[in-house]
Each structure stands twice: as C-alpha cells, then as structure tokens.
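Here is a short note on the model you sent. Please read the points with the structure open beside you.

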Amino acid sequence: MQVAADAGQVLHDRDAELRQLFGRSGTPSMDQYEYRIYAKTASLFQAATESTGHLLGFEGPSLDALTDFGRELGMAFQIADDLLDFTGDPEVMGKPVGSDLRSGQVTLPALLHLGDRPEAAPWLRGAAAAPTGEALDRLVEAVRSDSAALEATRAVAGERCARALAALDELPPGRARDDLARIADYVVARNL
C-alpha cells in the first residue's frame, strides 16, 4: 500500500534529527547539508503539502506542484533559520547566536565561511580538539561578520523560495494559492 510506504519514509526521515545529533564530524559537503535539511525539515513540509493534495483529490501536475512547493518551502525555511542563527537577536530567538555551530552543526553560513578558510576550524577535520570558550566565540563572530557568506545564504534561501512560488503557478488562481504564496514570502522575509 502506497500510504504505508510513504508513512514509513516519513518515519525514516524523522530519525534524521537523531542521525544529525550523532553524526557531528567534519565539515559537510553541500550535498550532505542539503540532505540533512531535507530530512530534518523540508520532508515534513513536503509531507504536509502533498498529503493535503491527496486529501483534496489532486492528481498529476497539481499534486506535483503542492509536493514541490512544500519541499522547496521547507528548504527555504531551514536555510533562513540557519541564517537567523547568526544574524538574529538572541533575546528574540531565545538562544545564543551561533548555537548550531556551538553544538557542532555546520550550517550554510558557516559552511560558506569555512569554504575559503578551512584552517579556521581544524577540529572539524579531526586535526584538533573542538574549541570551547573564546576560540569558538571568535569563529562564531567571524561567520557573523562574513557579509559574503551571509549574503550568499540569503540568496540561496531566496532561490528556494522562488522555486516554491514557481511551483504554485501550476495551481488555479485563487485565495488558497495566494495564501500559500504569502506563507512562502513570510518564510524568507522574516530575516531577509
């Protein structure tokens, strides 16, 4: 039964969070980063929009559009969240700036920063012990100050949002499509 197979896939994807927590070694490739955020976040967005399409009786291009919209929106949401981890106000976010990097997770802003500066984090290559205190604070501040890495992260989030919005073109005009477009705009506008 297809629904059971899909449910099994969703459950498999949910364990991505656990794999993420236990797989903190090295700087990930872009493909690894994208897989992680798909498994952690975008797969849930995709499941929500795709299942809604099934419930509404959508088929073919309309169902594909909702599926694509959810996946791309989820990717944009997570990338925007990863950016907020470095650019947001800690008081508003309720966590310290750079908390993902502090917990060993290399997100897109740090990945882009370290791409040109692998020597900045030798512990991610296993060449040194993980830093604490001031050394880690300096790396977080270096990522926060890397306007090129932050702007490139904004651009990637914007591209994913644009893909989500383009998927909506397959749906009939109306309030529901307009509401989905507003949600997509909000996802990236909250920090772009």
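1. How many helices and strands does the secondary structure of the chain come to? The count is ten helices and zero strands, where helices (H or I, at least four residues) and strands (E, at least two) are DSSP runs, numbered from the N terminus.

2. A word on the source. This is a predicted model, in which local features need pLDDT of at least 70 and side-chain atom pairs count only at pLDDT 80 or more, while totals for chains, interfaces and linings use all residues. Residues are numbered from 1 along each chain as its sequence is written, and side-chain values use heavy atoms, with hydrogens and water left out.

3. Of the chain's 192 residues, 37% are buried. Buried means under 20% relative accessible area, exposed over 50%, and partly exposed in between (1.4 Å probe, protein chains only).

4. Helix H7 spans residues 108-115 and is mostly covered, with six of its eight residues buried. These are Leu108, Pro109, Ala110, Leu111, His113 and Leu114. Their cover includes helices H3 (30-55), H4 (60-87), H6 (99-102), H8 (133-145) and H9 (147-167).

5. Gln46 lies in helix H3. Is Gln46 buried or exposed? Gln46 is buried, at a relative accessible area of 13%. Neighbours within four places in sequence aside, Gln46 is in contact (heavy atoms within 4.5 Å) with Tyr38, Thr67, Gly70 and Arg71.

6. The side chains of Gln46 and Tyr38 make a polar contact at 3.1 Å. A polar contact is a pair of N or O atoms within 3.5 Å; within protein, one must be able to donate a hydrogen and the other to accept it, and residues adjacent in sequence count only if both atoms are side-chain atoms.
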